[in-house]
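Here is a short tour of one protein model. Look at the structure first, then follow the text through its inside and its surface.

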Amino acid sequence: MEVISKIILGIVQGITEIIPVSSSGHLILISELTGFEIDLPFLTFLHLMTGLAIFWGFWDEIKYIFLSKQKNFLIKILLLAIIPAIVAVVLTHNYI
């Protein structure tokens, strides 16, 4: 039963991650309604795999960004977008 619950939670993660809703919230809601156990390592694994799937799905666009003639402009935009995540990690690394 545990494998089936992990598959169901993975499907919920896959569906809700790409749309603008809280995928983590839906995972918690589904686990509460069904009694499925969800722990932090599994939740982290789901998010990591979703990130890799998105990276793989947008690989052509990622290559274009780094290989285009406008790469200096686009790299600056990407680096600018990463700054909030860097600040969050620096401020919370002792608590996580």
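Two residues are in contact when heavy atoms of theirs lie within 4.5 Å. By that rule, Phe42 touches Lys6 and Leu9, once residues up to four places away in sequence are set aside.

**Confidence**

This is a predicted model. The protein has an average pLDDT of 80. A score of at least 70 is reached by 96% of the residues. Where pLDDT is low, the predicted coordinates should not be read in detail.

**The core**

Which residues form the largest nonpolar core? There are seven: Leu9, Val12, Leu27, Phe36, Phe42, Leu43 and Leu46. Helix 1 (2–17) and helix 3 are the elements that each supply two or more of them. Helix 3 gives the most, three residues. In soluble globular proteins, nonpolar side chains tend to be buried together.

**The surface patch**

A nonpolar surface patch covers about 820 Å². Its members are Val3, Ile7, Ile11, Ile15, Ile18, Ile19, Val21, Ile54 and Phe58. Helix 1 provides the largest share, four residues.

Ile19 sits in the loop between helix 1 and helix 2 (23–34). Val21 is also found in the loop between helix 1 and helix 2. Beyond its neighbours within four places in sequence, Val21 contacts Thr16 and His26.

**A residue in helix 3**

Thr50 is part of helix 3. Leaving out neighbours within four places in sequence, Thr50 is in contact with Gln13 and Glu17. Thr50 and Gly10 are 40 residues apart in sequence. In space, their C-alpha atoms are 9.2 Å apart.

| Residue | Relative accessible area | Class |
|---|---|---|
| Ile19 | 39% | partly exposed |
| Val21 | 39% | partly exposed |
| Thr50 | 14% | buried |

Why does Thr50 count as buried? Its relative accessibility is 14%, and buried means under 20%. Why does Val21 count as partly exposed? Its value is 39%, and partly exposed runs between the 20% limit for buried and the 50% limit for exposed. Ile19, at 39%, is partly exposed too.

Technical notes
Residues are numbered from 1 along each chain as its sequence is written. Side-chain values use heavy atoms; hydrogens and water are left out. pLDDT is the predictor's confidence in each residue, from 0 to 100. A nonpolar core is a set of buried Ala, Val, Leu, Ile, Met, Phe, Trp, Tyr and Cys residues joined through side-chain atoms within 4.5 Å. Buried means under 20% relative accessible area, exposed over 50%, partly exposed in between (1.4 Å probe, protein chains only). Patches are made of residues with over 30% relative accessible area and no salt bridge: like charges are joined within 9 Å, nonpolar side chains (Val, Leu, Ile, Met, Phe, Trp, Tyr) within 5 Å. Accessible areas come from the Shrake-Rupley method with a 1.4 Å probe; for residues, only the protein chains shown count as cover. A salt bridge is a side-chain nitrogen of Lys or Arg within 4 Å of a carboxyl oxygen of Asp or Glu.
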